[in-house]
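Q: I would like a close look at a single position, followed by an account of its surroundings and of the rest of the fold.

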Amino acid sequence: MINQQILALCNQYQALLLAEDPALHIAIAPNPPAQFFEALRFICDKPVNVEYWPTEQLEKARHSRLPTSPDEPQENTAPVVQLLEETLLKAIQLRASDIHFEPMEQGYQIRFRVDGVLQLQPLLPTHLAAPLTARLKVLGNLDIAERRLPQDGQMAIEIEQHKCSFRIATLPVYHGEKVVLRLMSQTEQTFELTQLGMSSDDCTRFQRALANPQGMILVTGPTGSGKTITLYSALKILNQISSNVCSVEDPIEIPMHGLNQTQINSKAGLSFQSVLRALLRQDPDIIMVGEIRDGDTAEIAIKAAQTGHLVLSTLHTNSTAETVVRLEQMGVERWMLASALNIVVAQRLVRKLCPHCKQQLPDDIMLPSTLWGNALPHWRAVGCKRCYCGFYGRSALFEILLVDPSLQSAIARGISATEIETLARKLGMKTLFERGCEAVEQGLTTIEELYRVLGVPHG
């Protein structure tokens with residue numbers, strides 16, 4: 001029987017218990033705190049053998065240490081509360097952004113989204129589905145008795161003395177209820193533009209746009225492309241004592257000191273539009289709108305940008321040029337867009353090659369000259385004990401459209417998205433695919449990963 005005190009201590013210090021008899025055999029990252037060994041001596045009188053492993057190797061090993069058979073005692077005897085806490089702790093340690101709890105015919109499946117890709121966890125017994133779902137609903141203040149309708153909410157739980165916030169959403173499926181958690185606040189976030197993956201010239205363009213006293217800055221891309229982090233990185237630069245910075249969000253994903261953050265509440269009638277109108281009476285200098293979802297919100301935000309405020313927001317479009325067309329489809333006049341827009345940023349996240357196991361194949365990749373003029377190195381994601389399938393972490397690709405006077409007049413004339421992109425490229429804009437090719441040249445990612453995220457371009 002595994003000593004639960006030792007196991008808890010290993011979890012607390014992100015160590016790995018390799019064996020217990022006849023001596024303790026533990027793996028831990030280099031330079032562990034002295035408190036770990038003091039606590040270990042206190043609860044255990046056995047000899048201890050310690051191995052020092054790289055963080056990546058430890059992380060992957062811990063990822064695979066959940067019980068793999070329904071017959072193992074830990075899985076059957078551990079209380080639901082403990083099992084859930086261990087699952088959430090493992091997800092956080094693996095840098096997961098989402099956790100999927102999925103009832104299946106043959107068992108209860110859990111998957112973690114790590115670096116944008118779902119990773120399967122060991123199957124749990126079917127009988128754990130109902131109590132785990134109920135526990136999650138209790139934490140999220142949802143109706144336990146309601147199993148026929150989708151529900152959503154938020155939950156906060158303390159794990160290893162750290163308060164973690166999650167967005168929770170339930171959905172009735174064939175074998176029960178599926179629950180998805182979105183991790184709202186990661187442990188440490190620097191909010192530095194250069195660390196996100198933005199090139200130095202794009203970073204300069206973006207910071208110049210932030211220096212404008214009024215106008216609109218839009219960050220676009222699909223769900224999970226890192227738009228929120230980019231917005232908060234901008235807000236960190238703008239967050240000064242001399243400025244009144246207000247935001248309206250659904251929900252507030254990252255609380256930030258110095259910001260006046262308002263969360264919408266549809267049930268109480270607190271919508272993006274009503275909060276925006278109220279914010280305009282709060283003497284704001286800078287307004288952040290979490291997302292432009294409809295024409296009313298777009299019109300209020302653009303009018304605010306035209307009347308002396310700097311407005312930042314996000315939008316779901318595939319490229320910078322398509323943003324103008326999307327807003328026009330929402331009912332915003334072209335002349336209003338032309339006068340309000342300062343800069344549009346489109347972004348995607350690509351997985352980074354593991355530096356320990358990546359291989360460069362001898363045959364280079366030649367793309368059509370209309371897409372990329374040079375031969376690209378052919379990288380292979382091998383996979384090793386430090387990474388997941390040859391990748392570790394993600395980096396953002398950015399496409400930045402700076403709206404200068406020539407683009408303003410072109411937008412006002414009603415030119416198409418293709419013509420906007422052509423003009424912007426003449427003015428120095430690099431597309432997402434071109435930024436991706438640069439990342440392949442630098443050995444940061446593979447051409448296959450680029451295709452996975454952006455699709456195969458036509459050229």
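A: T422 counts as partly exposed, because its relative accessibility is 40%; buried means under 20% relative accessible area, exposed over 50% and partly exposed in between, with a 1.4 Å probe and protein chains only. The model is predicted, so local features need pLDDT of at least 70 and side-chain atom pairs count only at pLDDT 80 or more, whereas totals for chains, interfaces and linings use all residues. Residues are numbered from 1 along each chain as its sequence is written, and side-chain values use heavy atoms, with hydrogens and water left out.

T422 is placed in helix α15, residues 417-426. Helices (H or I, at least four residues) and strands (E, at least two) are DSSP runs numbered from the N terminus. Between T422 and K267 there are 155 residues of separation in sequence and 44 Å in space, C-alpha to C-alpha.

The largest nonpolar core has 41 residues, and I420 and L401 are among those with the most contacts inside it, together with M216, V248, I292, V311 and L327. Such a core is a set of buried Ala, Val, Leu, Ile, Met, Phe, Trp, Tyr and Cys residues joined through side-chain atoms within 4.5 Å. Helix α11 (residues 295-306) supplies the largest share of this core, six residues. With residues up to four places away in sequence not counted, L401 touches T320, A321, N342, I343, V344, L407, I420, A424 and M429; contact here means heavy atoms within 4.5 Å. A second, separate core of 31 residues includes L84, A96, I99 and A129.

The twelve residues of α11 should span 16 Å at 1.5 Å a residue, and the end C-alpha atoms are 16 Å apart, which agrees; the expected span is 1.5 Å times one less than the number of residues. At the start of α11, a side-chain oxygen of D294 comes within 3.2 Å of the backbone nitrogen of D296. Just after the helix, G308 has a positive phi of about 95°.

Elsewhere, six strands form an open antiparallel sheet in the order β6-β5-β4-β9-β8-β7; two strands pair if DSSP finds at least two bridges between them. β6 (117-120) and β7 stand at the edges with a single partner strand each, so one side of each is left without a neighbour in the sheet. On average, neighbouring strands of this sheet are turned by 25° against each other, direction ignored. Axes are lines fitted to C-alpha atoms, for helices over the stretch in contact, and angles run from 0 to 180 degrees between N-to-C directions.

Nine bridges join β7 (residues 151-159) to β8 (residues 162-173) in the antiparallel sense, with I159 bridged to H162 of β8. These two strands form a hairpin with two residues between them, and E160 in the turn has a positive phi of about 55°. β8 also pairs in the antiparallel sense with β9 (residues 176-183), over eight bridges; I168 has L181 as its bridge partner in β9. β8 and β9 likewise form a hairpin with two residues between them.

A further open sheet contains three strands in the order β1-β2-β3, with mixed pairing. Its edges are β1 (16-19) and β3 (48-52), each with a single partner strand, so one side of each is left without a neighbour in the sheet. Neighbouring strands here are turned by 30° against each other on average, direction ignored. β2 (residues 24-28) pairs with β3 in the parallel sense over five bridges, and I28 has Y52 as its bridge partner in β3. Helix α2 (residues 34-43) packs on this sheet and touches β2 and β3, its direction making about 165° with that of β2.

Some backbone details remain. Most residues other than glycine have a negative phi, and most peptide bonds are trans. N141, in the loop between α6 (129-139) and β7, has a positive phi near 55° and is exposed, with a relative accessible area of 70%. D283, in the loop between α10 and β13, also has a positive phi near 55° and is exposed at 62%. A cis peptide bond, with omega about -5°, joins D250 and P251; P251 lies in the loop between β11 (245-249) and β12 (260-263).

How values were computed: A polar contact is a pair of N or O atoms within 3.5 Å; within protein, one must be able to donate a hydrogen and the other to accept it, and residues adjacent in sequence count only if both atoms are side-chain atoms.
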